[in-house]
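Please open the model in your viewer and keep the selection tool at hand. We will walk through it one stop at a time.

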Amino acid sequence: MSSTNCKKPLWALVDCNNFYASCEKLFRPDLAARPVVVLSNNDGCIVSRSAEAKALGIPMGAPEFKIRPLLRELGVEVFSSNYALYGDISTRILAILERHCPLVEPYSIDEAFLRLDAPLRANLPEFSRALRDIILRWTGISVSIGLAETRTLAKVANYVAKSRAAYGGVFSLARPEAEIDAVLARTPVGEVWGVGRRQVKRLHAEGVCTALDLKRAGDLWLRKRLTVAGWRTALELRGLPCIGEDNTPVPRKALMSSRSFAHKVRKREMLAQALSCFAARAGARLRRESLVAGGMAVHIRTSRHESARFYDQTLQVRFPEPTADSHALIHAALQGLERIYRPGFGYAKAGVMLFDLEDRERLQARLLAAEDPARQRRRERLMDSLDAINRRFGRDAVTFGAQGLGEAPWHMRREHCSPRLTTDWKELPLARC
DNA sequence: TCTGGGGTCCTAGGACCC
DNA sequence: TCTGGGGTCCTAGGACCC
């Protein structure tokens with residue numbers, strides 16, 4: 001690593017291999033060498049595949065119902081997604097990373113960037129391999145680590161680390177530019193972070209096929225064809241950090257809660273129940289993050305995949321004053337529904353989005369004069385008790401009447417769900433010895 | 001029958017103001 | 001009656017990420 005300038009920051013991208021599928025294998029040693037896939041919400045399509053499933057040619061993103069015969073024929077184990085489990089494992093891995101590196105940027109449920117300064121820079125390969133071993137030993141999850149001077153290059157390095165077993169799950173692009181370029185020349189442009197499927201086609205038509213082509217494209221062309229976003233990506237490939245550099249955490253701007261339904265929903269009352277439920281969940285998240293919302297967008301739609309007439313409608317409701325009160329949110333959702341509901345359609349999905357979020361404390365200071373403070377405090381205390389009960393006894397232990405009770409057609413399909421092995425006492429695995 | 005959810009960022013275009 | 005240019009704000013739509 002003597003070739004790299006130690007003054008420049010160095011980034012490591014730690015990425016869990018086949019994360020959801022790996023989590024499902026953790027407590028099922030019988031599945032260790034078996035092909036496993038995990039489905040999206042509502043058992044929609046494949047979002048994670050174990051190495052064995054990939055080797056069998058199971059395609060990523062395929063709708064489950066279309067390849068069900070193939071899955072059965074190949075003996076693939078199928079799981080619904082179990083976010084309670086994945087979220088918990090993710091938290092454990094993050095804790096390990098934070099123990100070993102002072103600057104960790106969580107990026108997604110299965111990825112984090114680490115900024116490596118001296119003295120971690122001194123023994124980069126050793127540090128990376130040790131980190132990988134510890135995570136594997138302490139959690140059972142195998143990760144890949146890519147190292148480079150920008151986050152985009154670290155992503156490329158990670159892609160390379162995953163590509164060949166010989167690299168042992170670690171690959172560094174902190175090396176002379178000619179060597180970086182040799183790697184970029186072998187990297188398809190579609191693998192570059194920030195280049196999506198839509199752009200790949202256009203880029204190919206213009207002769208930009210590899211990451212190296214993108215790096216070497218002209219600035220004017222990049223800005224014109226790919227907007228500043230694409231230009232920044234190219235700069236990052238040139239070793240110039242410019243993505244995610246302003247390290248101030250960005251406050252959240254919006255919050256969504258929506259779901260596809262297990263079965264088509266025709267009745268207004270059922271949609272009302274579903275939307276009430278989404279509004280209540282969104283409210284709980286608002287309160288957990290000490291936020292209030294200025295308005296809500298209510299959304300319902302039929303399926304895009306049918307020849308029948310497509311109906312897709314969104315309505316925005318602005319609150320009289322910003323709130324995190326579930327009563328008010330449910331009321332707004334139902335009001336919105338009244339305006340956009342049309343009978344005669346089989347609805348496939350609904351949801352609410354809360355926008356104009358702001359800090360609860362800041363609002364309170366402003367509002368103190370405006371509203372009857374006693375009434376406001378009463379309402380807040382009610383929500384606090386509700387949240388406390390649900391924290392203690394599980395989500396939906398106490399709900400609003402508008403949310404309905406029991407099984408409903410709008411609940412999501414989860415036919416292959418594993419137990420919440422690490423987050424629920426009742427579902428803890430038993431070991432006999 | 002059955003094809004996810006939750007977000008961010010960027011641009012273009014219109015309205016409005018000076 | 002003539003009628004430019006620049007700035008800001010908002011919204012819709014598209015693209016991307018995992």
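## First stop: a residue in a helix

Select T227, which sits in helix α10 (helices are DSSP runs of H or I with at least four residues, strands are runs of E with at least two, and both are numbered from the N terminus). Its phi is near 60°, a positive value in a residue other than glycine. T227 has a relative accessible area of 47% and is therefore partly exposed; buried means under 20% relative accessible area, exposed means over 50%, and partly exposed is in between, using a 1.4 Å probe and protein chains only.

A word on what you are looking at: this is a predicted model, in which local features need pLDDT of at least 70 and side-chain atom pairs count only at pLDDT 80 or more, while totals for chains, interfaces and linings use all residues. Residues are numbered from 1 along each chain as its sequence is written, chains are lettered from A and ligands numbered from 1 in the order in which they are written, and side-chain values use heavy atoms, with hydrogens and water left out.

## Second stop: a loop residue

Now pick N42, in the loop between β2 and β3. Here too phi is positive in a residue other than glycine, near 65°. Is N42 buried or exposed? N42 counts as buried, because its relative accessibility is 13%.

Show DNA strand B and the 24 residues around it; R232, R252, M256, S260 and K264 come nearest. A residue is near a strand if one of its heavy atoms lies within 4 Å of it. Of the atoms of DNA strand B that come within 4 Å of the protein, 71% belong to sugar and phosphate.

Next, look at some polar contacts, which are pairs of N or O atoms within 3.5 Å; within protein, one must be able to donate a hydrogen and the other to accept it, and residues adjacent in sequence count only if both atoms are side-chain atoms.

- K264: an N or O atom in its side chain is 2.2 Å from a phosphate oxygen of DNA strand B.
- K253: a polar side-chain atom is 2.9 Å from a phosphate oxygen of DNA strand B.
- N41: a polar backbone atom is 3.3 Å from a sugar or linking oxygen of DNA strand B.

Colour α3 (64-74), α10 (219-237) and β9 (254-265), each of which supplies at least two residues of the surface near DNA strand B. Which element gives the most to this surface? The answer is β9, with 8 residues. By type, the residues of the surface near DNA strand B are 10 charged, 8 polar and 6 nonpolar. Ala, Val, Leu, Ile, Met, Phe, Trp, Tyr, Cys and Pro count as nonpolar, Asp, Glu, Lys and Arg as charged, and the others, Gly among them, as polar.

Switch to DNA strand C, which 13 residues surround, the closest being S108, K155, G194, R198 and Q199. Sugar and phosphate make up 100% of the atoms of DNA strand C that come within 4 Å of the protein.

- K155: an N or O atom of the side chain, at 2.6 Å.
- G194: a polar backbone atom, at 2.9 Å.
- R198: a polar side-chain atom, at 3.0 Å.

The largest share of the surface near DNA strand C comes from α8, with 3 residues.

Select the strands in the order β5-β6-β1-β7-β8, and you have an open sheet of 5 strands with mixed pairing. β5 (104-108) and β8 (170-172) are at the edges with a single partner strand each, so one side of each has no neighbour in the sheet. From one strand to the next, the twist averages 20°.

Two strands pair if DSSP finds at least two bridges between them. β1 and β7 run antiparallel, joined by 6 bridges, and I145 in β7 is the bridge partner of V14. β7 and β8 pair in the parallel sense over 3 bridges.

End on β7 (residues 143-148): 6 of its 6 residues are buried, so the strand is largely enclosed by the rest of the structure. V143, I145 and L147 cover one side, with S144, G146 and A148 on the other.

Note on methods:
Axes fitted to C-alpha atoms, helices over the stretch in contact; angles between N-to-C directions.
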